[in-house]
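Please have the model open as you read.

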Amino acid sequence: MTADRKAGQSIGSVFPHLIAQDLPDMISIKDADFSTVDAVFCCLPHGTTQEIIKCLPRGLKIVDLSADFRLRDIAEYEEWYGQPHRAPDLQKVAVYGLTEILRSDIHNARLVANPGCYPTSVQLPLVPLLRANLIELRNIIVDSKSGVSGAGRGAKEANLYAEIAEGIHCYGMTRHRHVPEIEQGLSDAACSKVTVSFTPHLMPMSRGMQSTIYVEMALGVTIDDLYQQLGNSYKDEEFVILLEKGVIPHTRHVRGSNYCLMNVFPDRIPGRAIIVSVIDNLVKGASGQALQNLNLMMGFPENTGLLYPPLFP
């Protein structure tokens, strides 16, 4: 485990819930011996991973949890992240790691860009429907809500208890950095440009994410068609579960797990549908999916280390 400010400290002192584990102290990345390592998880701030990965041995398998390799278009990366891409050659070989959708590509990859939490919750239900031409490309509205841990662990005034508790607020209006990532994946699925209206909200809870998605069904398509397509797409998937008709997904039912629960409902407006998708933003939306991807890359059973059930209550 490498660190910057906390190099030299024990893992138990930084993450007290791991104090009972026999783990080595954290070291600076410059002191790490990568000759004894098979794989690396990169969990660095956006904009720093590119330089680090360029210097790693080429034989390593890498899963990057930052946004540095998620966008194929480096000009789009510069537009949304405010700095030029520092590893364009690596970007050409990076594979986007939405596991259930791009499994075969991930299996053979050296570098996997782990998806963001919001894009995971949005793409898992929408990609199968777009691929099957069951929904229109226009007027897709995504209303997403996340726990505070989605903003990271650093001390920030906006994330103080008094600022968050007993209220909700939206943020990143029209300019959230997950927008191009969502649109890239949906456009790939539709084989045509897809633009969405996406608004994220911060909720007074530590973890969990819900995306409520409003779509227009294609001519002649019914709610049952959408339900059947999602069921067929994920019937053999361990971590993506379509609930029984009429059952509303709850974030509390995926807490601490790698599951995504989803369902589809008829809107009161004729011809429209409402899709609800929930994940734990820290697991399926981050570290859990990263481990799922590395398992694929290394040839391990995909569910290795991911079989813990949701924590309830």
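A residue is called buried at under 20% relative accessible area, exposed at over 50%, and partly exposed in between, using a 1.4 Å probe and protein chains only. Helices (H or I, at least four residues) and strands (E, at least two) are DSSP runs, numbered from the N terminus. This is a predicted model, in which local features need pLDDT of at least 70 and side-chain atom pairs count only at pLDDT 80 or more, while totals for chains, interfaces and linings use all residues. Residues are numbered from 1 along each chain as its sequence is written, and side-chain values use heavy atoms, with hydrogens and water left out.

Let us begin with strand E9 (residues 196-202). Five of its seven residues are buried, so strand E9 is largely enclosed by the rest of the structure. Two strands count as paired if DSSP finds at least two bridges between them. Strand E7 (residues 140-146) runs parallel to E9, joined by seven bridges, and here aspartate 143 stands opposite threonine 199. Strand E8 (residues 169-170) pairs with E9 in the antiparallel sense over two bridges, with cysteine 170 opposite histidine 201.

Now to the cysteines. With a disulfide taken as a pair of cysteine sulfur atoms within 2.5 Å, a search of the whole structure finds zero. For cysteine 55, the nearest cysteine sulfur is that of cysteine 42, 11 Å away. For cysteine 260, the nearest is that of cysteine 117, 13 Å away. Cysteine 55 is exposed at 67% relative accessibility, whereas cysteine 260 is buried at 0%.

Charged pairs come next. A salt bridge here is a side-chain nitrogen of Lys or Arg within 4 Å of a carboxyl oxygen of Asp or Glu, and the structure holds 16 of them. Among them are these:

| Pair | Closest N to O |
|---|---|
| Glutamate 51 and arginine 86 | 4.0 Å |
| Glutamate 100 and lysine 284 | 2.9 Å |

Glutamate 51 lies in helix H2 (residues 49-54) and arginine 86 in the loop between helix H3 (74-81) and helix H4 (88-93), so this pair ties together parts 35 residues apart in sequence. Glutamate 51 is partly exposed at 35%, and arginine 86 is partly exposed at 32%. A network of salt bridges links Glu51, Lys54 and Arg86.

What about arginine 70 and glutamate 181, buried or exposed? Arginine 70 is buried at 6%, and glutamate 181 is buried at 1%. Glutamate 100 is buried at 9%, and lysine 284 is buried at 0%.
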